[in-house]
Amino acid sequence: RQVDPGNTGRVGPTEAALFLKKSGLPDVTLGKIWDLADPDGKGFLDKRGFYVALRLVACAQSGQDVSLSSLNLTIPPPKFKDTSSPSLSTSSVSSEPHWAVRPEEKGKFDGIFESLAPVSGLLSGDKVKPVLTNSKLPLDVLGKVWDLSDIDKDGHLDRDEFAVAMHLVYRALEKEPVPSVLPSSLIPPNKRKKSLVGSLPGMVPMLPASPPPPKDSLRSTPSHGSMNSLNSAGSLSPKHSLKSHSVNWVVPVTDRGRYDDIFLKTDLDVDGFVSGMEVKDIFMHSGLPQNLLAHIWALADTRQMGKLTREQFALAMHFIQQKVSKGMDPPQALTPDMIPPSERGTPVPLSSSVGSGSEFTGIKELDDISQEIAQLQREKYTLEQDIRETEEAIRHKSSEVQEMQNDLDRETCSLQELEAQKQEAQERLEEMDQQKAKLEDMLNDVRIKCNEESQMISSLQNQIHSQETDLHSQEEELSRAKADLNQLQLEESQLEQSLTAGKFQLETIIKSLKATQDEINQARSKLSQIQDSQQEMTKSIEQYNSNLNGTHGGNMTNLADMSEGFHDRENGGFGAMHVEVYI
């Protein structure tokens with residue numbers, strides 16, 4: 001619920017890493033846990049994978065192997081530094097974690113412990129040194145191993161502390177980093193009450209870590225040789241490393257980190273020392289005279305080795321800084337608070353003054369060659385002693401051979417499993433290559449289609465542009481047609497008005513025509529009557545003429561009757577018409 005607040009059912013790598021780092025386990029172990037919890041390489045953890053990761057964290061914290069075979073072991077729940085985690089961080093002190101040193105390891109380490117001839121159940125650094133250096137680990141790593149394993153800080157290792165030291169060495173050989181603070185699971189059960197003082201599980205008191213000694217410190221045994229080489233050169237014993245933090249030193253703590261960074265950048269060959277050639281530019285950049293720089297070099301080179309360790313370099317830089325910023329001259333000889341903390345357990349020869357005749361040029365170190373030859377001879381003698389001690393330790397390691405063979409067998413099985421996993425990964429890689437080729441082909445097809453679509457789109461855009469041009473032209477024609485239509489509609493309106501007036505006039509004309517037609521019909525009727533009367537009159541006239549012309553004095557009575565009849569017809573048929581008859 002904490003790492004998956006959205007209830008998606010999966011935990012991403014970032015969220016899982018931030019949460020699992022609270023367990024305090026090394027990154028290498030957490031990477032192995034992730035691979036086991038996510039065997040399919042999905043890149044996230046589901047609920048089951050997250051459960052497997054938590055179980056594996058608990059296995060690692062309990063000193064068990066981080067493998068799927070350890071999931072069914074009965075172990076305490078995982079513990080996280082964050083109190084908001086679902087761990088049992090609030091559990092009582094009685095639920096102490098198991099000791100990380102497994103019983104079979106403890107038996108092997110006890111055999112080595114007895115072979116080193118402990119005195120009163122304790123081994124000094126002189127006796128432990130051959131065993132630890134035989135691991136070929138860097139001396140700074142071995143120094144941290146000694147500091148962590150010497151839990152009671154008495155300068156010796158008892159049986160359990162020796163087992164812790166060997167456990168850390170073996171883990172370091174497996175590429176696991178040495179922790180800066182001893183985990184609670186590595187503290188021997190009989191020492192937990194003393195070291196934890198009732199603290200909760202997972203809370204271990206901070207122990208001061210010794211400064212990383214140079215790689216060649218075991219070979220740099222001083223001529224006085226009163227102390228063994230393990231303690232004289234920034235050894236594995238914490239007596240000197242504790243002093244470097246508890247005793248005042250003239251070099252301020254705030255400046256040491258800066259000087260250490262400069263030292264690491266200057267130590268080009270990474271041998272734990274800086275030569276005059278390596279620091280020449282840095283010293284000369286201060287602008288101080290060469291004779292003064294030579295004097296500062298002589299003060300810092302407390303063992304007259306012609307090289308400076310990290311602390312000696314910091315002391316020299318402090319003297320230069322004091323002179324440049326405050327004008328304070330370096331002393332003629334080192335006071336006790338100026339001696340590097342890691343060198344205070346052995347007598348330090350006093351440095352020579354300015355008049356020693358050594359000129360700091362950065363390239364004239366021929367005078368130091370003889371000292372280095374003598375130093376190499378002393379180193380050879382020390383190495384011969386180390387070889388003899390190592391051979392003696394080898395004779396006592398015969399009991400380890402079988403165990404190492406078993407370890408080798410287990411490693412062989414693991415190697416075979418890794419080979420199988422490698423083969424499977426190779427096959428998956430080939431499948432992914434095939435899928436990649438298919439996807440590339442599909443991508444090419446998609447690109448071709450995209451090009452075709454782009455061409456089609458360009459063609460369509462051209463068509464659209466042409467159609468837009470035609471449409472614009474048609475719109476102009478439509479506008480002109482609309483104007484013509486408006487003109488025609490206006491003319492139509494005028495014509496309609498003219499037609500209405502014409503219709504009115506036509507109706508008036510029709511009415512007049514109809515009246516005229518009636519008059520014409522009446523006139524025709526009268527004309528017909530007149531014609532009929534005319535015909536009758538003609539007949540009458542002819543008859544009259546006939547009567548007149550036939551008798552010449554005939555019967556006047558008939559003529560008078562004819563005149564009366566004509567007069568009657570004139571009055572009845574013609575009304576007011578008067579016909580003049582010429583006889």
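**Close-up views of a predicted model**

**View 1. Crossing of helices H2 and H3.** The axes of helix H2 (residues 27-37) and helix H3 (residues 47-61) come within 9 Å of each other and cross at roughly 145 degrees. This is a predicted model, in which local features need pLDDT of at least 70 and side-chain atom pairs count only at pLDDT 80 or more, while totals for chains, interfaces and linings use all residues. Residues are numbered from 1 along each chain as its sequence is written, and side-chain values use heavy atoms, with hydrogens and water left out. Helices (H or I, at least four residues) and strands (E, at least two) are DSSP runs, numbered from the N terminus. Axes are lines fitted to C-alpha atoms, for helices over the stretch in contact, and angles run from 0 to 180 degrees between N-to-C directions. The crossing of H2 and H3 is right-handed, a term used if the near helix is turned clockwise from the far one by less than a right angle. On the H2 side the contact (heavy atoms within 4.5 Å) is made by Thr29, Ile33, Leu36 and Ala37, and on the H3 side by Gly49, Val52, Ala53, Leu56, Val57 and Ala60. By class, eight of these residues are nonpolar, two are polar and none is charged; Ala, Val, Leu, Ile, Met, Phe, Trp, Tyr, Cys and Pro count as nonpolar, Asp, Glu, Lys and Arg as charged, and the others, Gly among them, as polar.

View 2. Ser69 lies in the loop between H3 and helix H4 (103-115). With a relative accessible area of 61%, Ser69 is exposed; exposed means over 50%, buried under 20% and partly exposed in between (1.4 Å probe, protein chains only). Ser69 and Leu56 are 13 residues apart in sequence and 10.0 Å apart in space, C-alpha to C-alpha.

**View 3. Buried face of helix H12.** Gly276, Val279 and Phe283 are buried in helix H12 (residues 276-284). These residues lie on the same side of H12 because they cover an arc of only 80 degrees around the axis, the arc being that of the directions from the helix axis to the C-beta atoms. Their cover includes helix H11 (253-266), strand E3 (274-275), helix H13 (290-300) and helix H14 (310-326).

View 4. Arg258 forms a salt bridge with Asp255, the closest N and O atoms being 3.3 Å apart; the term denotes a side-chain nitrogen of Lys or Arg within 4 Å of a carboxyl oxygen of Asp or Glu. Arg258 and Asp255 are three residues apart in helix H11 and are therefore separated by about one helical turn. Arg258 is partly exposed at 40% relative accessibility, whereas Asp255 is buried at 18%. Asp260 pairs with Arg310 in a salt bridge with closest N and O atoms 3.2 Å apart. This pair links distant parts of the chain, with Asp260 in helix H11 and Arg310 in helix H14, 50 residues apart. Asp260 is buried at 18% relative accessibility, and Arg310 is buried with a relative accessible area of 17%.

View 5. Twelve salt bridges are found in the whole structure. A network of salt bridges links Asp65, Arg102, Glu104, Glu105, Arg171 and Glu174. Within the view, Glu105 forms a salt bridge with Arg102, their closest N and O atoms being 3.4 Å apart, and both Glu105 and Arg102 are buried. Lys106, in helix H4, is buried with a relative accessible area of 14%. Apart from neighbours within four places in sequence, Lys106 is in contact with Trp99, Val101, Arg159, Asp160 and Ala163.
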